[in-house]
Amino acid sequence: MAQFLTEAMGTLSDAGSLFVVAAGLTLVFGAMRVINLAHGSFYMYGAFLMTTFVGTSSGLRFWWSILLAALVVGALGLVVQLGVVRFVVGKEPLTQLVATFAVFYILADIGLHIWGDGARTVMAPLAVSSSFTLAGAYLPVYDLVIIGCAVLVGLALWLVLGHTSLGWMIRAAVDDPEILQSGGVNLRRLHLGVFTAGALLAALAGAIVTPQISVAPGMDQSIIVTSLLVVVIGGLGSVVGTALAALIIGIADTVGTLVAPNWAATFMYFAVILVLVVRPWGLFGTPER
Amino acid sequence: MRLEVRDIHTYYGASHVLQGASLVVEPSEVVALLGRNGAGKTTMMRSIIGLTRPESGSIRLDGEELLGAPSYRPARLGLAFLPSGRRVFSSLSVEENLEVARRSCPRRSGPWNTERVYGLFPKLAQLRRRTAGHLSGGEQQMLKIGRALMTNPAMILLDEPTEGLSPAVVGELGEWLSMLARENLSILLAEQSATFAREHASRGYLLEKGTIRFEGSMDEIWASAELRSALGIAARDDGTTGA
């Protein structure tokens with residue numbers, strides 16, 4: 001029981017941060033039909049900026065740093081959208097992949113120049129770096145922070161997309177961008193907002209996981225692969241699907257690690273193949289016509 | 001609102017679809033754009049809005065040049081576009097569709113709001129929470145008109161509104177069009193069904209292979225056996241009011 005609780009908590013926390021990253025990716029894909037490979041870079045920048053902003057201090061500054069890192073990367077997203085992505089919206093998928101992949105490499109190089117190739121760590125504030133006991137299991141409080149953040153992001157997305165006219169407009173852009181634009185909406189501006197929000201979400205996830213990981217170059221690559229898996233299983237463009245898929249990937253990873261540690265990644269891909277055999281368009285996606 | 005299209009040339013890739021077409025819609029006028037499938041009617045509509053950009057020519061809306069303007073501009077000036085087919089925001093509810101339309105042109109004011117649209121289409125009021133993708137063809141047509149009205153337009157471009165509708169719904173559509181005309185809206189109606197267009201339009205343009213082959217009153221078009229055969233109207237089909 002104790003081991004189950006420990007594993008369950010860890011899985012939920014991993015799935016939570018994965019959901020926040022992937023939600024940004026799926027939001028951008030849904031509204032703009034662009035698969036943004038540089039999304040992983042935004043995640044890594046969120047984490048690196050966090051190490052810079054927090055420094056050696058702990059306490060209140062930690063929370064401000066998360067916010068600041070997300071905002072700075074949001075601004076970076078704005079620049080990437082204006083400088084690159086807006087030129088490939090509506091173009092061939094291959095063109096989009098090459099363009100965003102180029103951004104991915106450029107940002108990786110810049111990151112290397114700024115932060116070097118060593119691993120960095122961040123200490124969580126004392127208040128959330130302890131553990132608590134539940135049914136005999138020692139559970140890290142910080143897992144609760146990540147899970148709570150994921151739930152908040154999920155709720156916010158549900159509220160905005162389902163219950164505000166701005167959200168309906170973003171969904172309308174998913175349904176039929178041409179009709180939305182000819183109805184009077186400046187689609188480019190909408191894209192700018194959505195892309196910035198997507199970058200912000202990636203950075204938020206990157207910043208918030210820093211106390212649990214070592215921050216180093218390469219994390220941009222691993223996260224983009226995993227979040228692409230999540231987004232594909234969930235159904236491109238679906239936030240609910242993304243949440244469920246993040247959970248599935250998280251569970252597959254945990255079970256894989258427990259059963260056959262050397263084959264953990266295989267478990268994850270196996271889950272992907274299983275879902276896609278049954279529903280090629282993902283759990284909550286719609287078949288392309 | 002007055003629309004003047006002058007000598008536009010529009011291409012789809014290498015194919016020269018509109019080859020110097022011109023037309024005028026005067027304020028409060030209902031004008032038909034006739035022609036067979038592939039004549040370039042939809043391309044004309046898309047060129048006016050800017051969804052497909054003409055290479056040259058001029059498109060003036062009350063004097064403002066639309067050629068080269070972003071395609072969200074016409075709606076903000078009061079020119080609403082109703083594309084053919086099932087083009088509604090299919091994952092949104094009826095009410096959300098209307099609200100998105102209103103918010104798309106926030107600066108346009110006028111008599112139309114959700115309540116008035118529901119007054120015109122009581123069926124939409126009943127279906128306000130229904131997902132638009134699940135509506136019937138006729139209901140989607142209502143929603144498209146309702147969405148256009150929410151932007152308080154002065155002119156409406158209707159592309160093939162009767163396409164795919166049952167005869168009963170085409171009858172209703174005719175009533176809605178008459179109502180819009182009574183509201184002093186200008187309408188440019190692209191139609192393959194010349195008999196439907198004749199009931200509503202006073203003037204018409206016949207588009208053939210990307211150029212305007214004839215322009216004149218609907219009666220003139222009907223009087224010419226040659227034009228009638230160009231439109232695919234049988235010799236004995238006299239339309240509804242007789243030639």
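I call a residue buried if 20 or more other C-beta atoms lie within 10 Å of its own, exposed if 12 or fewer, and partly exposed in between, with C-beta atoms placed from the backbone. Helices (H or I, at least four residues) and strands (E, at least two) are DSSP runs numbered from the N terminus.

I noted that this is a predicted model, in which local features need pLDDT of at least 70 and side-chain atom pairs count only at pLDDT 80 or more, while totals for chains, interfaces and linings use all residues. Residues are numbered from 1 along each chain as its sequence is written, and chains are lettered from A and ligands numbered from 1 in the order in which they are written.

**Entry: the open sheet of chain B**

I then traced an open sheet of 4 strands in chain B, with antiparallel pairing and the order E2-E1-E4-E5. Its edge strands, each pairing on one side only, are E2 (15–25) and E5 (64–65). Strands E1 (residues 3–12) and E4 (residues 56–61) of chain B run antiparallel and are joined by 5 bridges. I recorded B:Ser58 in E4(B) as the bridge partner of B:Arg6. Helix H1 (residues 41–49) of chain B packs on the sheet and touches E1, E2 and E4 of chain B; its direction makes about 70° with that of E2(B). Such angles run from 0 to 180 degrees between N-to-C directions, with axes as lines fitted to C-alpha atoms, for helices over the stretch in contact.

**Entry: chain B as a whole**

I listed 10 helices and 10 strands in chain B. The radius of gyration of chain B is 18 Å, close to the 18 Å given by the globule rule for 243 residues, so chain B is as compact as a globular protein of that length. That radius is taken over C-alpha atoms, and the rule is 2.2 Å times the number of residues to the power 0.38. Of the 243 residues, 46% count as buried.

**Entry: chain A and helix H3**

For chain A I found 11 helices and 2 strands. H3(A) (residues 60–83) has 24 residues and reaches 35 Å from its first C-alpha to its last, close to the 34 Å expected at 1.5 Å a residue; the expected span is 1.5 Å times one less than the number of residues. Its buried residues include A:Phe62, A:Ile66 and A:Val73. The buried residues of H3(A) pack against helices H2 (39–54), H4 (93–115) and H8 (187–208) of chain A.

**Entry: the interface**

I found 21 residues of chain B in contact with 15 residues of chain A, contact meaning C-beta atoms, placed from the backbone, within 7 Å. The largest share of the chain B side, 6 residues, comes from H3(B).

Methods. Two residues are in contact if their C-beta atoms, placed from the backbone, lie within 7 Å. Two strands pair if DSSP finds at least two bridges between them.
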